Amino acid sequence: MAAGPWLPGAGIGAHTERCPAAWLPALQLLRRGSKAVTRHWKAMHFQRQKLLALTEYLPPRPALPPRCLPRPAPRQQQEDGYARVLRAQLEATLRASRMVAVCQFNAMADEDVATLRHFLRRHDIHVKFVLNEVARPVLAQSKLRNLLPLFVCRNILLVSPEPRAREMLRVLKGVPQVNLLGACIDDTILSRQGVENVARLPPLEVSQGQTVAALSLLPSQTCSLLQRGPAHLTALLEQHIQQLRGAGGAAEPPPGPGNH
């Protein structure tokens, strides 16, 4: 058999060179991640800066300074009809109530709110949920304007045609979600401590009886003081007359027919 031409690498390692998989490395490193930053900030050329400065737009100055111009009239917003109705209802409620209490209202379940309404309604005290945007304009024009600082968060009003501070505090004592902030009772602004002091007062009938007794005591004392002097003088005169009668009867002889 004729031998072919000799090729370099022919022999023992010929088959190994022809197989590429035998020469691949066991570990290959692949570059992953972001590319290198090739663009960097470069300062603008001086000639270009001068060109931009020369071509910059300068608006014309006004003939009059803005502070000398008349102020624009404020835009009048159209009043909401629903808000006007709510304010009218609140005004009517405040006029018909002798006790208006402002309370801070925290989150409560609907069942608890219904229970609170029920117990307060038994004492003729009604719960009013009002928005601060509706209550502030109404209070600013009424005698309750001093209660405006209390309307900061979510509040409710407890109104009653009669001053029932004692009953209101008794009901609110079992409801920690409703905190009393202040009240107006009979045109008098009171804090929480003031409402508690009013609740300790006796009923109106008892106070009226005590006032009448105190007023009647002074005239009776004055009358007794005025009558003490004449009565004492009368007693002294009666005692003196009795003494004169007793002394005169012992010294004077008994009347007889010869003593004329």
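I first noted that two strands pair if DSSP finds at least two bridges between them, and that helices (H or I, at least four residues) and strands (E, at least two) are DSSP runs, numbered from the N terminus. I also wrote down that this is a predicted model, in which local features need pLDDT of at least 70 and side-chain atom pairs count only at pLDDT 80 or more, while totals for chains, interfaces and linings use all residues. Residues are numbered from 1 along each chain as its sequence is written, and side-chain values use heavy atoms, with hydrogens and water left out.

E4 and E5 make a hairpin with three residues between them, and Asp-186 in the turn has a positive phi of about 55°.

I then asked how many of the residues of E4 are buried. Taking buried as under 20% relative accessible area, exposed as over 50% and partly exposed as in between (1.4 Å probe, protein chains only), I counted six of its eight residues as buried.

**Cores.** A nonpolar core is a set of buried Ala, Val, Leu, Ile, Met, Phe, Trp, Tyr and Cys residues joined through side-chain atoms within 4.5 Å. The largest has 25 residues, and Leu-158, Met-168, Leu-172, Val-178, Leu-180 and Val-195 touch the most other members. Another core, of 14 residues, lies apart and includes Leu-90 and Val-138.

**Pocket.** A pocket is an open set of points on a 1 Å grid over the protein atoms alone, where a 1.4 Å probe fits, with protein on both sides within 12 Å along at least five of seven lines; lining residues have an atom within 4 Å of a point. The largest pocket holds about 530 Å³ of space, its volume being the space filled by probe spheres set on the points. Of its 16 lining residues, Pro-163, Arg-166, Pro-202, Pro-203 and Leu-204 are the closest to its centre.
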